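Hi everyone, thanks for making time today. I'd like to walk you through a structure that may be new to you, so let's bring it up on the screen.

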Amino acid sequence: MDFFEYRDRELYCEDVPVRELAERFGTPLWVYSARTVLHHYGQVQEAFAEAEPIICYSVKANSNLAILHLMAQHGSGFDVVSGGEIYRVLLAGGDPRRTVFAGVGKSPAEIAYAIDQDLLLLEVESEEEAEVIREIAAEKQKAVSVAIRVNPDVDPKTHRYITTGKKESKFGLDLERAAALADRLRGDRWVQLHGLHMHIGSQITDPSAYGRAAARVADLALDLKKMGHDIRWLNTGGGFGIHYRGQEGRPAEEFAAVILPHVRRCGCRLLLEPGRFIVGNAGILVSRVLFRKEAGDRRFLIQDAAMNDLVRPSLYQAFHRIWPVVVPPGLPAPPTDYESDIPGTVRWDVVGPVCETGDFLALDRPLPRLDRGDLLATFSAGAYGMVMSSNYNSRPRGAEVLVEGSSFRLVRRRETYEDLVRAELEADAIPHPAASS
Ligand SMILES: *Cc1c(COP(=O)(O)O)cnc(C)c1O
């Protein structure tokens, strides 16, 4: 469910024609629907209502301040994985007391920052990290609430790059090590164990993986409580899958159905960290066709968005639906099913200008006839899109627009050539008579 739809063969984001946004702000352009963000947030709230969870939106999925501010205004907490994300949450008016900090490699400066800002929980991922937190907390004479990130050793059957809860993963501690660390933290004045955390992966479309994982973590919580630990929080992480190709995402209720019994059983308060589920279907990437050409038996559609803008296809072989923003009369409606042949289409490799063979948004993809200058929409690009973009090939990043009903605003301007060199210290030292832009 999202608020992107074709009206009279033209794509709208809520009540705004996407073509008008592209004409006004140029391409590549990220277009986000506030209504879609809030719709998904509401779905999670509703499905898990009985546990009264704190929903900690996972900042890394889409960290634009306007998105964070929108979430903060609606009472969301935040899940952060770096000092930079803490900074963003604070700038956006987020509540640090509803913010949790995960990550296998927190630097001493990041730990100090988190302690100074009174975050709700630091999610400890190793014994050595617990030591460093203790040293810093003791120095500051300030007790810190932590949760241990447990690796429950389940395979959620998603892409191996986004599987995080198997035994051989770098994240968290296995159940025995977690129990041993809890033991060592007993009665610790500075590092106070108040929760357990798990995050088993991303784009998970099989809810049963959560049932298996939450069962193990809830068992551990009960054991630790019996031993006198004050385990208040059970954080079951993020990872709920969304629609990319068809209807593969599952409703929030299906995840709630397997998670809630374990929350009830261990008597903890629930924390959730959805990222992709909130913003994934709330964004599209709009690009413009530059050239078409053929090579051997392949047909290339060269457009102005590339792997530096949206890396998921190149990095994970991820599938994103792509369709023209304006569909000429007599041409097919956007597909809801890629399994069968789509009449009126031919197959294209949709590629970008970056100098890498791995630079593509889609391979062998059915699309209707397209001309130079036509606009394309790449769907489900709201999560892990702009945030993973780079300036590779010295390409300025695209602009971001947030739509709310029939109004819209630019929430990140397009980068300029000057932006590309802003942090380079020699930029002013070298005479550059020819480089004026
Ligand atoms: C990335 C991440 C999330 C969010 O994952 P989604 O798949 O976007 O829901 C939640 N928790 C932690 C610890 C993460 O690293």
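Let's start with the lining of the largest pocket, whose residues divide into 14 nonpolar, 12 polar and 10 charged. Please keep in mind that this is a predicted model.

How much space lies in the largest pocket? About 630 Å³. There are 36 residues lining the largest pocket, and Lys60, Val81, Phe171, His199 and Tyr384 are the closest to its centre.

Now, why does the largest pocket lie between domain 1 and domain 2? Domain 1 covers 4-31 + 280-422 and domain 2 covers 63-274, and the pocket lies between them because both give residues to its lining.

On to the ligand, which sits in this largest pocket. Around the ligand there are 15 residues, and Lys60, Ser202, Gly239, Glu273 and Tyr384 come nearest. Sorted by class, that shell has three nonpolar, seven polar and five charged residues.

The side chain of Asp79 has an N or O atom 3.2 Å from a nitrogen atom of the ligand. With Gly239, a polar backbone atom is 2.7 Å from a ligand oxygen atom. Gly275 also uses its backbone, with an N or O atom 3.0 Å from an oxygen atom of the ligand. As for cover, the ligand taken alone exposes 390 Å², and the protein buries 95% of that.

One last stop: the second largest pocket, with a volume of about 360 Å³. Its lining has 19 residues, and the closest to its centre are Asp2, His243, Gly246, Gln247 and Arg321.

Methods
Residues numbered from 1 in each chain as written. Predicted model: local features only at pLDDT ≥ 70, side-chain atom pairs only at ≥ 80, totals over all residues. Heavy atoms only, no water. Near = heavy atom within 4 Å. Polar contact = N/O pair within 3.5 Å; in protein donor to acceptor, adjacent residues only side chain to side chain. Areas by Shrake-Rupley, 256 points an atom, 1.4 Å probe, with all protein chains shown as cover. 1 Å grid on protein atoms, 1.4 Å probe; cavity = no way out; pocket = protein on both sides within 12 Å on 5 of 7 lines; lining within 4 Å. Sits in = over half its atoms within 2 Å of the grid points. Nonpolar A, V, L, I, M, F, W, Y, C, P; charged D, E, K, R; others polar. Points joined across faces, edges and corners; volume = space filled by probe spheres on them. Domains from an automatic or database assignment.
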